[in-house]
Each structure stands twice: as structure tokens, then as C-alpha cells.
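Please keep the sequence and the structure in view while reading.

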Amino acid sequence: RFLHRQPSVDREHTPFPAAASAFALDPTTQPPASNQLRQHTAVLTLADGSRLYAASLELRSQRAGRRRALLLLSRRPLYMQSLLMLQALHTSLLRREPAKAARAARALLHLPLPLPGVEMRMRLADTPIRLSAAPLGAPPILGVSLSAFIELVGVDVAIGAVEALVSELRLAIVCQDARTLGASAEALLALFHPFEWPHTYIPLLPMTWREYCEAPCPFLIGLVTADGDDVRSLLPADVCVLDIDAATLTVPVDESAEPFPPSDAARLRQELHEWRTSVGAADSDCPAEEAVHAAANAGAQRAWMRHWRRLLDGYASHLVDGGAEIDGGRMLESVTTERLPFTRQLMASAAFHRYLERVAADEAIDELSKEQSDDAPPLATLELPDDLGLAQPPTVQPTAESGPGVDGEIDDLALGRLLEW
């Protein structure tokens, strides 16, 4: 159940899901020890198909059997930044620093997400935070590491997993670590950009709920496994399995994915191998992990976007009256024999049709037709003042003696008072 919720009423375009509390505590693990802070992420798919991205920080508790967490919901998958902000709020409360705690709470609840092409910079509880939005038409700024995902599974397996998405197969991602599992699912969808996965998407489920994988429709589902699980025997025989721990992709013979054209796949593979050796270094002004992820992600995203553009070169000339319908016959006549099977599969997919609809409705820029420079356009920087325009915050104290490096426990009522301020 929720102890406190802010805002207390739904935002106009973001309804508060009643079942969100189920994502605050990881159901696949035991409560953390008194000296641990556990983090995890999740995705909530709403009734209209849109998604909310959840970042959760499970709090230390000195009472046996008591589990509490701070849960942050966002329309964008800014997992890394969300977890940093939750940590800043928690740390400042434990250290009896109400002014810093107030800034963190105000930032969490009231700062708008940046506009396209803008980066907001701030410091919360002595932690530098950057919130960025890519310029229009540029690859989105992610909250996960594409480099980490591809290092785990390898280039060939990553390419094969995207081929399974294009072929609209039923794909289960399995991993023993819940956080790695969720990040891997998000990374895979990022490689699928500029297309969106329009089917069932549940990036984190315990294996005991595997009956969801018996659904006959396309899905992307992440399952947390335990050591010794025979995953293949636990899932239906016609479900593809991407095993993160084993770095393997198993595709049933009767459900084979349409592969990328050989020459295009070879070029993509070469570009990705070159990218893996040229990841940029961290900027000294921000957390090293975040900066490295941003630099590495941009290189991988550009390689994949070049790949999609090569495959669909000139597709816009075959649109009927420039709208959301494509003359499939003319399009297929224009492609090479090598590309014909894959192009036919991609054009038949729901993801491709959804892309055309979004572009025609001006909900998205046609990134497949727009030329893209390998040099990322600069972001406009907005430096926020340390006080964020705050008045004197209320006094908030933990219930146990605490300070820097000393474990304590945050009082529920005191935290609720701060969030309401």
C-alpha cells in the first residue's frame, strides 16, 4: 500500500496507476539487510498503450519484516538519473539536512522534464544531476547502457534479438539479476528505434508468473531466473529465449525470424565492432557512469539508424499521398533481391505501420528520411541554482540517530510532510 503519494491527484496526461505499488518492492527478492539500499526499475504499460517508467529505492529498515521504498514514476526512461535523485533525497534525510532534502523533493515533484535539445543541470545533496532531452530528430537520450547490454550478449545475439522483434515473435528475456534484466529489455527496444514495440511488454516478471508466456500474441517479457532453472523446459516450445547470463538466443525452428539481408547485416556488425572500441571517456563534471553511457549510446544509436535508413532508403516516395499508407507493391519492386524478404516482413509489421501513423500525425519526425550527422548537435544548458527558489523547508528528522556514514531510518510521517511542502 502507499503511505504517501505526491501529487495527491492525477496529472492531466499522466493517470496514477492503482497497481503501481506492486512495482515499488521487488517481488523476486528478500528484504534488504539493515545496511543495504536496493535499487530496481520497472515499466508500467497503461490501458492506452503508453508507458510509465518506475525507479525504486528500497529503504533500510531496522524492523524485521518491514519493507518500504521510494518510488518515482516518469514518462521517460531516465532510470539512472531517477535513482540518483532518490538517493540524494534519502541521503539528505538521514544526515539531518532538511534544506538539501527539500531541494531533492522539489526537483522530484515539480521540475518539468527538459524540452528537446535542452539539458538541465543541478546539484542535489552534493550529487550532480543532469536531465537531458535529445534534439528533435536525434536519437533519444537513454537511461540504460547499450554498451553494457551488447557486452553481455555480444553483437550477433543483439542483432538476432532485433530480428525477432521485426518478425513479431514471442520473445522471453531471462536473467538471474532483476536489474540487469530490466535494463537489457530497455536496451533491446532502444536498438529497435525509431520503431516502437506495439505488443505486450513486461520487462520484469518472476519465473513463477511464467504463464504470461503462454499468450498467443507477440510479446517481449523478462523473467527472473534462479540458479539451476531449466528455462527451456519451463517455457512453451515455440517461445524464443534470450538468455542474458548465457549470452545465447534460442529461436524455435517453426518460429524462425526473418534475418537482415546478409550484406546489410555484415556492415552493421562491422560498425558495431568499431563502435565498441571507440567509446568516449567521461566528462569530469558529471558522474562517470552516466557520461560514459551517454557517449557510448550515441555511437551505437547512430550505427543502428544508418542501418535502418539503408534498408528503407527512398521509402517515403512510395507513400500514398504522403500519408500513413505505403504502396507495398511499388516499394518491393524498388528493393534489391537480397533485401526483398526482410523488407516484406518489416513492411507487414505493426511496428512499421505505427511508425507511419506517428509521422503522418506529426507525433514523430521521420528519422528514416532525415539525414543525420555523426556529430551530435549541442544541447542548450540550463544551470539551476542550488536553492531552486525554495523557501525555508520544514524540519524533518529521522527516527534513529544518524549522520554521515551512520545508518538510520526515515520516519514515514516526517517524509510525507516534506513531500507535501
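The lining of the largest pocket draws at least two residues from each of β2, α5 (178–192), β7 (200–206) and α11 (350–360), where helices (H or I, at least four residues) and strands (E, at least two) are DSSP runs numbered from the N terminus. The model is a predicted one, in which local features need pLDDT of at least 70 and side-chain atom pairs count only at pLDDT 80 or more, while totals for chains, interfaces and linings use all residues. Residues are numbered from 1 along each chain as its sequence is written, and side-chain values use heavy atoms, with hydrogens and water left out.

**The largest pocket**

- The largest pocket has a volume of about 1,600 Å³, a volume being the space filled by probe spheres set on grid points that are joined across faces, edges and corners.
- Among the 46 residues that line this pocket, Tyr53, Pro140, His193, Glu196 and Arg358 are the closest to its centre.
- On a 1 Å grid over the protein atoms alone, a pocket is an open set of points with protein on both sides within 12 Å along at least five of seven lines, a cavity is a set of points where a 1.4 Å probe fits but cannot get out, and lining residues have an atom within 4 Å of a point.
- Helix α5 provides the largest share of the pocket lining, four residues.
- By class, the pocket lining divides into 27 nonpolar, nine polar and ten charged residues; Ala, Val, Leu, Ile, Met, Phe, Trp, Tyr, Cys and Pro count as nonpolar, Asp, Glu, Lys and Arg as charged, and the others, Gly among them, as polar.

**Strand β2 and its sheet**

- Eight of the eight residues of β2 (residues 51–58) are buried, so the strand is largely enclosed by the rest of the structure; buried means under 20% relative accessible area, with exposed over 50% and partly exposed in between (1.4 Å probe, protein chains only).
- Both faces of β2 are covered, with Arg51, Tyr53, Ala55 and Leu57 buried on one side and Leu52, Ala54, Ser56 and Glu58 buried on the other.
- Three strands form an open, antiparallel sheet in the order β1-β2-β3, two strands being paired if DSSP finds at least two bridges between them.
- The edge strands of this sheet are β1 and β3, each of which pairs on one side only.
- Strand β1 (residues 38–45) is joined to β2 by eight bridges, and Thr41 has Ala55 of β2 as its bridge partner.
- Five residues lie between the strands in the hairpin of β1 and β2, where Gly49 takes a positive phi near 90 degrees.
- Strand β3 (residues 69–74) pairs with β2 over six bridges; Ala55 has Leu72 as its bridge partner in β3, and Leu57 stands opposite Leu70.

**Enclosed cavities**

- The count comes to two cavities of 30 Å³ or more, and the largest cavity holds about 40 Å³ of space.
- Pro139, Pro140, Ala190, His193, Gln301, Trp304 and Met305 line the largest cavity, to which helix α8 (residues 288–311) gives the most, with three residues.
- The lining of the largest cavity has five nonpolar, two polar and no charged residues.
- The second largest cavity, with a volume of about 30 Å³, is lined by residues including Tyr53, Ala54, Ala55, Arg76 and Ser82.
- Strand β2 gives the most to the lining of the second largest cavity, with three residues, and by class this lining has six nonpolar, two polar and one charged residues.
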